[in-house]
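Please follow the account below with the sequence and the structure side by side.

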Amino acid sequence: MDLDIFNNSTTQLSDKEFMDLKSFVYNTYGIDLSRKRQLIEARLSNTLRAKGISSFDQYLRVLKSDNTGEEITTFLNKITTNYSYFAREADHFDFLAKTVLPQLAKRPKRELRIWSAGCSSGQEPYTLAMVIDQYFGDQKGLWDTAILATDISTNVLGKAQLGIYPLKDIENLPATWKSKYFTKVGEDSYQVVPKIRKEVIYRLFNLMDPINFKKPFDVIFCRNVMIYFDKTTTNQLIERFYNATAEGGYLFIGHSETIDRTKSKYKYVQPSVYQKTSG
Ligand SMILES: C[S@@+](CC[C@H](N)C(=O)[O-])C[C@H]1O[C@@H](n2cnc3c(N)ncnc32)[C@H](O)[C@@H]1O
């Protein structure tokens, strides 16, 4: 019998190993692990044991030398917090439907580009797709709309693409949404209908990388992602978001997040909502 499977001991993370791992993650992904030492030990000890790696120092070397992307993916899936839910921070979707969409719909071009940056398991981009579908109704076909949804975790992107959620995840949505946008696919599982799923394009994307998408975005949602970044990383990212925003376009951030208004060119609209406007 393999007694090792009963071994629950934690691999110790020394001060130096923690510093090295912290710098690597910060420099590559912008994620600040300063207060996550215990989380790292707790979440990664099993991974190290399963791979027969005896120290975090050895693990860091494995991470840095892995060219397949597999090790990094497993690591990121372990350390990122992917908590999300449908219609989170509901006033954002309300503002989108009542103010932003009517404004953007006045433009001669019937095109709408939206980005859910740090989309986790899909609840945010699917909520966006549902709001857009509700707003345009039977005129939706006249519009060229696209929602790009990106994350660094392949784990969550896989879940998002499937679009299957337990009943408790959709319970609080309006009854009309539940019947219109979800199909029961199991005892306790509901899947987002194809019409909404096909509105969202999922991509693996590290927010530390240059933003080179073909067209600028009319709306960017980057909520509850920058809480893991420090000020410098956040300011730089906001600047890159600004350059990727169409004139008149909007940026939504999480309610617990802030933008340094002295450093950003975005105009403050209301808490956690900003606009790119020359006026
Ligand atoms: C707490 S979730 C937020 C999900 C959703 N935006 C919401 O508000 O419910 C944060 C997500 O950001 C992603 N993330 C963290 N650092 C990232 C980076 N450097 N690039 C891309 N995504 C990142 C994580 O993988 C995670 O899925």
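The protein contains 11 helices and 10 strands; these elements are DSSP runs numbered from the N terminus, helices being H or I with at least four residues and strands being E with at least two. The model is a predicted one, in which local features need pLDDT of at least 70 and side-chain atom pairs count only at pLDDT 80 or more, while totals for chains, interfaces and linings use all residues. Residue numbers start from 1 along each chain as its sequence is written.

Along its principal axes, the C-alpha trace spans about 65 × 50 × 30 Å. For 279 residues a compact globule would have a radius of gyration near 19 Å, and the protein, with 21 Å, agrees with this. Here the radius is taken over C-alpha atoms, and the globule rule is 2.2 Å times the number of residues to the power 0.38.

Seven strands form an open sheet in the order β6-β2-β1-β7-β8-β10-β9, and their pairing is mixed. Two strands are said to pair if DSSP finds at least two bridges between them. β6 (200-204) and β9 (267-270) each have a single partner strand and stand at the edges, so one side of each is left without a neighbour in the sheet. From one strand to the next the twist averages 20°. β9 is joined by three bridges to β10 (residues 273-275), and the two run antiparallel; in β10, Val273 is the bridge partner of Gln270. Helix α7 (residues 154-162) packs on this sheet and touches β2 (144-151) and β6, its direction making about 165° with that of β6. Such angles run from 0 to 180 degrees between N-to-C directions, with axes fitted as lines to C-alpha atoms, for helices over the stretch in contact.

A further open sheet has three strands in the order β3-β5-β4, with antiparallel pairing. Its edges are β3 (164-166) and β4 (182-184); each has a single partner strand, so one side of each is left without a neighbour in the sheet. The twist here averages 35° from one strand to the next. Three bridges connect β3 with the antiparallel strand β5 (residues 189-192), and Pro166 stands opposite Ser189 in β5.

The protein is divided into domain 1 (3-79) and domain 2 (90-275), with bounds from an automatic or database domain assignment. Their C-alpha centres lie 31 Å apart. Eight residues of domain 1 are in contact with 11 residues of domain 2, contact meaning that the C-beta atoms, placed from the backbone, lie within 7 Å. On the side of domain 1 that touches domain 2, α1 (15-29) and α4 (70-79) each supply at least two residues, and α4 gives the most, with three residues. The residues of that side comprise three nonpolar, four polar and one charged. Ala, Val, Leu, Ile, Met, Phe, Trp, Tyr, Cys and Pro count as nonpolar, Asp, Glu, Lys and Arg as charged, and the others, Gly among them, as polar.

The ligand is surrounded by 25 residues, of which Thr80, Ser84, Gly118, Ser120 and Leu207 are the closest; a residue belongs here if its C-beta atom, placed from the backbone, lies within 6 Å of the molecule. By class, this shell holds 10 nonpolar, 11 polar and four charged residues.

How values were computed. Contact = placed C-beta atoms within 7 Å.
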